[in-house]
Amino acid sequence: MQQTALQLFQTQGYDETTVLQITNEAGVAKGTFFNYFRTKEEVLQSVFFSHMERVYEKMKKNEHEHWRKQMVQLFHELTAMHEQLGKEVTKSMVHIYTTKQKQSLPLTSFIDMLTQLFEEGKRCGDIRTGRPSAALALITIQLYFGALKLWMFSHLHEPLSTFTIDTITMFIDYMQKEGD
């Protein structure tokens, strides 16, 4: 049912897709939908979290790599995920969390992963800034969401992955060369 919903969200848009369309396309009764999801938003969240879980699983496989390579891989995976989901689905997900949800986008795992990567960069002497690793993680997330917003609203003339990785790499280079 999730895959069917995603295909409909991608082809006709999240707002234009109805629960009835999802159930008809999936070949299930409308009541079956409500056994799994309370709302259409929950389906979209479920799709998004499934994709995020795959990103995190791929990252776990690369834990032995150099911190900088892991950082680039993380953003490569994230941008590939958003490019696969598409601008409209990503925009709908961001919209739900910034306007409709009472809780914010769950970023704890993302922040923790980035903080650990920056800690490793400091431990090996690559990053010489006195700023806390958690602050560097938040700055990196700001850069990422800024790039994502530019991409969602078609202000980028290059792929999201290229722009994002170039931006993150520039920030890392600065932390390595300049420190503060």
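## A tour, selection by selection

Start by selecting Tyr56, Met59, Lys60, Glu63, Gln70, Ser109, Asp112, Met113, Gln116 and Leu117, which line the second largest pocket. A pocket here is an open set of points on a 1 Å grid over the protein atoms alone where a 1.4 Å probe fits, with protein on both sides within 12 Å along at least five of seven lines, and lining residues have an atom within 4 Å of a point. The model is predicted, so local features need pLDDT of at least 70 and side-chain atom pairs pLDDT 80 or more, while totals for chains, interfaces and linings use all residues. Residues are numbered from 1 along each chain as its sequence is written, and side-chain values use heavy atoms, with hydrogens and water left out.

**Stop 1: the pocket**

Keep the lining selected. The space in the second largest pocket is about 230 Å³, a volume being what is filled by probe spheres set on the points, which are joined across faces, edges and corners. Which helix supplies the largest share of the lining of this pocket? Helix α7 does, with five residues. Both α4 (40–61) and α7 supply at least two residues of the lining. Colour the lining by residue class and four residues come up nonpolar, three polar and three charged. In this scheme Ala, Val, Leu, Ile, Met, Phe, Trp, Tyr, Cys and Pro are nonpolar, Asp, Glu, Lys and Arg are charged, and the others, Gly among them, are polar.

**Stop 2: the whole chain**

Zoom out and show the protein chain as a cartoon. It has nine helices and zero strands (DSSP runs numbered from the N terminus: helices are H or I, at least four residues; strands are E, at least two). Along the principal axes, the C-alpha atoms of the protein chain fill a box of roughly 60 × 30 × 30 Å. Of the 180 residues in the protein chain, 42% are buried (under 20% relative accessible area; exposed is over 50%, partly exposed in between, with a 1.4 Å probe and protein chains only). Among contacts in the protein chain between residues at least 6 apart in sequence, 66% join residues at least 24 apart (contact: heavy atoms within 4.5 Å).

**Stop 3**

Select helix α1, residues 2–12, where Thr4, Ala5, Leu6, Leu8 and Phe9 are the buried residues. Just after α1, click Gly13, whose phi is positive at about 95°.

Move on to Thr39, in the loop between α3 (30–36) and α4. Thr39 is partly exposed because its relative accessible area is 35%. Draw a distance from the C-alpha of Thr39 to that of Val19: the two are 20 residues apart along the chain and separated by 8.1 Å.

**Stop 4: aromatic rings**

Show the side chains of Phe, Tyr and Trp. There are 10 aromatic pairs (ring centres within 6.5 Å, using the six-membered ring of Trp; planes under 30 degrees apart are stacked, over 60 edge-to-face, the rest tilted). One of these pairs is Phe33 with Phe37, which is tilted, at 5.5 Å centre to centre and 45° between the planes. Are Phe33 and Phe37 buried or exposed? Both are buried. Next select Phe75, Phe110, Tyr144 and Phe145, which form one aromatic cluster.

**Stop 5: helix α7**

Return to α7, residues 108–123, and pick out Thr115. Thr115 counts as buried because its relative accessibility is 18%. Beyond its neighbours within four places in sequence, Thr115 is in contact with Ser133, Ala134 and Ala137.

**Stop 6: the α8–α9 loop and α9**

Select Ser154, in the loop between α8 and α9. Its phi is near 60°, a positive value in a residue other than glycine. Ser154 counts as partly exposed because its relative accessibility is 47%.

Follow the chain into α9, residues 160–177. This helix of 18 residues reaches 26 Å from its first C-alpha to its last, close to the 26 Å expected at 1.5 Å a residue (the expected span is 1.5 Å times one less than the number of residues). Its buried residues are Leu160, Ser161, Thr164, Ile165, Thr167, Ile168, Phe171, Ile172, Met175 and Gln176. What do the buried residues of α9 pack against? They pack against α5 (67–85), α7 and α8 (133–152).

End on Ser161, in α9, with a relative accessible area of 17%. From Ser161 to Phe75 it is 7.4 Å, C-alpha to C-alpha, across 86 residues in sequence.
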